[in-house]
Every structure is written in C-alpha cells, then in structure tokens.
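Dear colleague,

Please find below the structure that I am handing over to you. My notes on its sheet follow.

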Amino acid sequence: MTVADSTGVRVDGPWTHREVAANGARFHIAEMGDGPLVLLVHGFPQFWWAWRHQLVALADAGFRAVAMDLRGVGGSDRTPRGYDPGNLALDVTGVIRSLGEPDAALVGHDLGGYLAWTAAVMRPKLVRRLAVCSMPHPRRWRSAMLADFRQSADSSYIWGFQRPWLPERRLVADDAALVGRLVQEWSGPKPLDEEAVETYRRAMLIPSTAHCSIEPYRWLVRSMARPDGVQFYRRMKRPVRVPTLHLHGSLDPVSRTRSAAGSGEYVEAPYRWRLFDGLGHFPHEEDPVAFSTELVNWLKDPEPDR
C-alpha cells in the first residue's frame, strides 16, 4: 500500500465531488439527489465514504444527500488549529450555508454525532432535524467518561491519544494497520468487508490526517478542567429543540448503550431511540438497508413521536 494523497478519497460512484468554503477552510463533499438537504457527518477513523450507502438511499427517497469530510480529514483542508468541537460544529453549519440551503437534517456518527449534537445547540435555526448514531449527548459522554469505569475502559483509545506524537505514528504504521484493526474490532458480527477496511487505511495515510484526526480527542480530554471546556459543557446544557433520532448498535464496544440511552433528557422535542440488535459501532455500514430504512422513514414522518 502506498502513501495516498487527497485525490484518492474522491471515490467514484453515482455521486459528484466538489469543494465548498466555510468557516475559514475548504471542505470536500460528495453529493447526490435533489430535495430537502440531509448533511451526513462521519466519525473516526473514517471519512465521507462511510455514508456511501445512505447517499444512494436518501437520493432515491427524494432528498439532497451531502456527505462532508471533516476538517483535517479526507479531501478537506488540514489547518494547524480549529479542532475543538465548537469550531468543528461551525464547520458543519458553515457547509449548510455554503450549500445555499436555509437548514438541513443533520446526521452524525461517532465524532460526527458529537458535532451534530453541538451544532443543533449552537446554531438551532440551521438544523431542521437531528439524527445521531453511536454517540451520547456531549454532557452524557463527559459524565460517562469520568464516572463510568466500563465506559472509560471502552474508550481507552481516547486516553491513549493524549500522548504526543506516538498515537500518530501508531495510526500510520504498517500502512495504517491499526485503522483496519479498530474498524474490525468495533464492528459487530457483520464486519466491514476488506474493501472498506483498505479504503479507510489508505485515507489515514494521507499526510497530516492522523494528527488532525486525533486533535479533537485531545481537546475533549484536556479541556475537561480548563475554562474553555467548562464553558463548552455549560453551553451544552441548552436543550435540543428539533426532532431527534438516536441510533445505536446493541453490541457497540466503544460507546456503551447505557452511556447513550440517557441523552433524551437534553432534547425538548420529539425524541426517538432506536437500538439495532446485533450491530456494533457502525450500524450504517454493518446493516445499511436497516439503517437507511429507519433514517428515511423518520425523515419522511411529518410528526415523529416522542
């Protein structure tokens, strides 16, 4: 496997690729379909391609589906700073504005889910609906990391990211073999196929991607006792006031069901919890048909129940 460049993440398919400017950086997006905007935000250690199945399903269902690469990942700019969740959430809402839309249904997985929660609080007028997969509300995440020993142990990789330089080197060693192991270990009984694993490994080998991928997690831990972190988590007390769909795999080994399940207390709007039995950390890839069906049906439901 050779070291990749950012052109390698523009995987061919029925979607189109382009770049948009937002929040002082340029972001690569893949888009497909026409209709109300649905913006898809990936997690770690992935990039926009994680939503390849949902791009097709959403476009077929009458939506304008857009999957973005987060700052520092895939085909987006790798800036020297700007990896705190507040700024990353403004990247997401900035992309909505740059797409010329008044708002979007925001769908986030893992770190993308954390940012989706954040964006819905920080810029509520730009988020029409919120769907989060495999990630508790930020305040639930923080309390679980600090008070739940099992959740803290399951998130040991995040603690490991706090060391300087070594985590980056480990991520890219042996052609990013660790990325492949993480993706497989975090999946349930339906692991991702070899093509997906190889694609994520290649994307991590793009220069600076490993460092930029780790920086958000360094902020999450190091800021817990700092004024900027205290201020952020205080701000996240504001309730989410848009219909929210919370999706989770029952066998997720990274984010415990117990950690995620209490997030509804931060939503003052219709809130639907959906647990996918027998799936792990990547329900949208492990069983894309079930995931996409749930998402599309909820997006089309004019009155999602609480």
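In which sense do β2 and strand β4 pair, and over how many bridges? The two strands pair in the antiparallel sense, over 4 bridges, with A30 standing opposite A67 in β4. Strands here are DSSP runs of E with at least two residues, helices are runs of H or I with at least four, and both are numbered from the N terminus; two strands pair if DSSP finds at least two bridges between them.

The model is predicted: local features need pLDDT of at least 70 and side-chain atom pairs count only at pLDDT 80 or more, whereas totals for chains, interfaces and linings use all residues. Residues are numbered from 1 along each chain as its sequence is written, and side-chain values use heavy atoms, without hydrogens and water.

Strand β2 (residues 25-32) has 7 of its 8 residues buried, meaning under 20% relative accessible area with a 1.4 Å probe, protein chains only. Strand β1 (residues 16-22) runs antiparallel to β2 and is joined to β2 by 7 bridges; A21 has R26 as its bridge partner in β2. These strands form a hairpin with 2 residues between them, and N23 in the turn has a positive phi of about 50 degrees.

The open sheet comprises 8 strands in the order β1-β2-β4-β3-β5-β6-β7-β8, with mixed pairing. Its edge strands, β1 and β8 (271-276), each pair on one side only.

Strand β3 (residues 37-41) runs parallel to strand β5 (residues 104-109), joined by 4 bridges, and L39 has L106 as its partner in β5.

Yours sincerely

Note on methods
Buried means under 20% relative accessible area, exposed over 50%, partly exposed in between (1.4 Å probe, protein chains only).
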